[in-house]
Amino acid sequence: MQDAGASIWNMPIAYIKGVGPQRAELLKKELQLFTGRDLMMHFPYRYYDRSEITPIAKLSPQQEYAQVKGRLLQFQLVESNRYSTASRLIAELEDETGFVQLVWFNGWQWVRKSLQPGKTYLAFGRLSFFNNIPQIVHPELHDSQTAPHAWPYEPVYPTTEKLKSRGLNSRAITRIMAAFWEKISDKDIPENLPEHILQRYQLMERAKAFRAIHFPNSLAEAEAARRRLKFEELFLSQLRIALLRHQHHEQSKGWKFEQVGALFHALYNKLPFALTEAQKRVIREIRRDMLTGHQMNRLLQGDVGSGKTIVALLSMLIAVDNGFQACLMAPTEILAQQHFRHIQELLDGLPVELALLTSSVKGATRRQILDGIAAGHIRLLIGTHALIEDVVQFARLGLAVIDEQHRFGVAQRAALWEKSDIPPHVLVMTATPIPRTLAMTVYGDLDVSVIDTLPPGRKKIITVHRTSDRRHQVMDFVKSQIRQGRQAYIVYPLIEESEKLDYENLMRGYEEVKAYFPEPEFRISMVHGQQSAEIRNTNMQRFVQGITHIMVATTVIEVGVHVPNASIMVIESAEKFGLSQLHQLRGRVGRGAHQSYCILLTAPEIGKEAMERIQVMTQTNNGFLIAEKDLALRGPGDIEGTRQSGIMEFKLADVVKDNDLLMKAREAAQQLLEQDPLLMQAEHSQLLSWLQKDNRKTHWSKIS
Ligand code: ADP
Ligand code: MG
């Protein structure tokens with residue numbers, strides 16, 4: 001905020017009129033309100049219409065709250081008896097058109113002492129109907145002679161049970177807010193958007209918007225205020241992203257990989273398949289990035305099975321051909337090993353030294369690998385986050401590839417960034433398709449490549465929904481497939497709240513599966529989160545090698561596992577999984593030449609949303625479509641990877657519901673920067689100084 005109002009905005013909340021030290025403690029703890037600024041940003045989520053007095057005959061059950069005015073009649077105490085559970089005090093309030101009942105379940109003494117039958121009162125409260133008679137329980141009553149209600153639309157603020165029990169209900173917060181706003185003038189809330197944008201998008205001025213969102217004169221005004229403030233959030237975030245990206249492209253230093261050399265060509269020529277057009281396009285994009293002299297910061301999105309690994313490997317070989325090292329970081333040990341073996345096979349016979357480094361590589365082997373990396377003769381390093389530990393010192397790291405990005409925190413990416421003075425190029429790969437709308441918000445500073453086609457010849461995975469009372473038939477089907485030489489996954493949900501329960505579910509499932517599939521004809525592997533990495537790995541390997549027929553697992557197999565012969569995925573309690581998780585799991589099958597199946601088992605009765613998820617799954621195999629649906633069903637807060645990005649912390653805007661506004665904000669930001677890329681024009685000076693002051697969010701984007 002600018003200087004004029006600085007003291008008000010930074011004022012500790014305890015000094016605000018009506019707060020004081022004790023309430024301040026509560027407000028800090030319960031609502032994270034520390035300063036005047038926090039209070040200003042504590043927005044109401046609805047308003048009570050206090051602007052109108054409804055004639056009693058016009059009250060309708062559709063109305064949640066009502067304000068009426070009338071004469072108070074006699075009190076009547078209704079004692080509890082066998083039929084009615086609670087004693088209550090009732091009075092009638094009468095206007096020319098009818099009467100309402102006012103009801104109190106407690107506080108009678110005070111009510112009787114302070115209210116006078118025969119007088120006219122204004123009553124407000126939640127409306128209900130009992131035997132067709134309108135009732136207001138525990139109404140708010142005002143002497144109708146005194147001034148009308150202070151706020152025509154009374155704001156309703158978020159609060160908590162604890163705050164309410166200490167007298168800090170919405171009304172109390174409203175009083176604090178009102179006192180606070182009396183101290184504030186429009187000067188304290190300077191405009192931060194340029195005039196031409198206000199005009200073009202018909203936005204309310206900032207000072208007016210802040211006042212009106214708290215204390216509107218009409219619901220339309222409240223709505224316009226909200227729209228303006230949402231636009232501001234979205235626009236500033238879009239602008240910040242665009243600026244960072246611009247800066248990054250202009251200013252960052254990066255290695256220049258000028259040659260496409262021997263290793264790249266050697267692998268390219270000996271690939272057992274032709275690259276898809278999408279793969280080729282992405283490789284071209286990456287090559288171009290690595291030639292600019294600026295650091296590459298690219299996100300590679302591709303549905304499960306779209307062939308991201310080969311793209312990564314070819315990119316890594318470009319680094320090696322230019323005298324650099326490259327690393328590939330996977331989220332789990334199993335995946336790191338799988339990548340390692342896959343890459344080892346592909347590179348068989350080529351003169352390039354590669355190594356696998358995970359936390360279970362120990363002792364002399366570990367020492368040797370670390371030495372080899374430091375000396376520079378190990379050119380390709382594959383591993384888990386063990387790669388970013390301090391002891392790993394690359395001689396010359398040119399490219400870092402991060403697979404399944406959402407499992408990595410921002411801090412881990414930052415560590416990677418710091419591994420040399422000129423940072424390595426970074427390629428982040430994800431199989432969790434991010435809807436375009438969200439991608440530009442979350443990853444707006446990254447360049448995005450998409451592999452949007454699957455390699456040819458993939459058969460569509462047949463997905464069906466079955467209720468658990470038909471588990472027998474499902475298992476019979478699995479049996480027939482295994483007898484034809486296939487393998488199957490049977491997956492149980494992971495309910496984060498209770499590891500113990502998960503474990504018990506899984507064990508019960510395992511026993512059941514064993515009963516359906518008796519040894520020695522059938523062999524079963526089981527992996528779950530409570531096993532040591534070694535045991536998990538052994539069990540996994542037995543399945544990969546085809547020694548076992550069935551893999552019983554919790555969602556630890558979710559990402560990246562590649563067993564082409566496995567053609568059946570049975571998901572137990574599928575209603576408990578999120579859409580993107582279901583899609584990831586399904587992606588474990590359909591990797592070989594055989595027709596694959598995904599069977600979603602659910603309880604016979606499931607909720608509406610769960611049913612929608614299941615339907616989406618049975619209708620489409622398209623990851624992007626599923627991601628869009630997922631976003632619509634769950635909202636952005638739950639999409640993996642968005643929470644940690646820090647950019648989604650909008651107070652008002654919702655990138656799903658406010659998508660239209662987001663598009664406008666984005667368009668506005670882009671046009672503004674086209675005209676004035678560095679915000680040097682006078683009419684943008686406010687905006688520039690605003691962005692410079694409010695740059696809390698810049699750190700993350702440097703490191704993605
Ligand atoms: P993901 O994108 O899920 O990481 P992978 O890179 O693991 O996918 O590739 C899945 C499988 O498809 C691998 O066995 C890989 O060798 C194969 N593959 C990749 N590209 C092609 C292609 N262009 N044609 C045929 N098979 C391919
Ligand atoms: Mg993969």
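(Helices here are DSSP runs of H or I with at least four residues, strands are E runs of at least two, and both are numbered from the N terminus.) What you have open is a predicted model, where local features need pLDDT of at least 70, side-chain atom pairs count only at pLDDT 80 or more, and totals for chains, interfaces and linings use all residues. Residues are numbered from 1 along each chain as its sequence is written, chains are lettered from A and ligands numbered from 1 in the order in which they are written, and side-chain values use heavy atoms, with hydrogens and water left out.

**Around Val 282**

Is Val 282 buried or exposed? It counts as buried, at 0% relative accessibility. (Buried means under 20% relative accessible area, exposed means over 50%, and partly exposed is in between, with a 1.4 Å probe and protein chains only.) Now show its contacts, meaning heavy atoms within 4.5 Å. Leaving aside neighbours within four places in sequence, Val 282 is in contact with Leu 300, Val 311, Ser 449, Val 450 and Ile 451. Pick out Val 311 from that set: the C-alpha atoms of Val 282 and Val 311 are separated by 7.6 Å, although the two sit 29 residues apart along the chain.

**Ligand 1**

Next, select ligand 1 and whatever is near it, which here takes a heavy atom within 4 Å. How many residues surround the ligand? There are 17, and the closest are Gln 279, Gly 305, Lys 308, Thr 309 and Arg 458. Colour this shell by class and you get five nonpolar, eight polar and four charged residues. (Ala, Val, Leu, Ile, Met, Phe, Trp, Tyr, Cys and Pro count as nonpolar, Asp, Glu, Lys and Arg as charged, and the others, Gly among them, as polar.)

- Ser 306: a polar backbone atom is 3.4 Å from an oxygen atom of ligand 1.
- Gly 307: a backbone N or O atom lies 3.1 Å from a ligand 1 oxygen.
- Thr 309: an N or O atom in the side chain is 2.7 Å from an oxygen atom of ligand 1.

On its own, ligand 1 has 560 Å² of accessible area, and the protein covers 84% of that. (Areas come from the Shrake-Rupley method with a 1.4 Å probe; for residues, only the protein chains shown count as cover.)

**Tyr 47**

Jump to Tyr 47, in strand E1 (residues 46-49). At 13% relative accessibility, Tyr 47 counts as buried. Its contacts beyond four places in sequence include Tyr 153, Pro 155, Ala 212 and Leu 219. Tyr 47 and Leu 219 are 172 residues apart in sequence, yet 8.0 Å apart in space, C-alpha to C-alpha. Where does the side chain of Tyr 47 reach? It gets to the backbone oxygen of Ile 213, at 2.5 Å. The Tyr 47 side chain also makes a polar contact with the side chain of Arg 226 (3.5 Å).

**Helix H24**

Go to helix H24 (residues 685-693) and highlight its buried residues: Leu 687, Trp 690 and Leu 691. They cover an arc of only 95° around the axis, so they lie on the same side of H24. (The arc is that of the directions from the helix axis to the C-beta atoms.) An α-helix has 3.6 residues a turn, so residues three or four places apart point the same way. To see what covers the buried residues of H24, show helices including H8 (206-214), H9 (219-251) and H23 (659-675).

Thr 548 is buried, with a relative accessible area of 0%. Its side chain reaches the backbone nitrogen of Phe 543 at 3.4 Å.

Finish at Asn 131, in the loop between strand E5 (120-130) and strand E6 (133-137). Asn 131 is not a glycine, but has a positive phi of about 50°. With a relative accessible area of 65%, Asn 131 is exposed.

Terms used. Polar contact = N/O pair within 3.5 Å; in protein donor to acceptor, adjacent residues only side chain to side chain.
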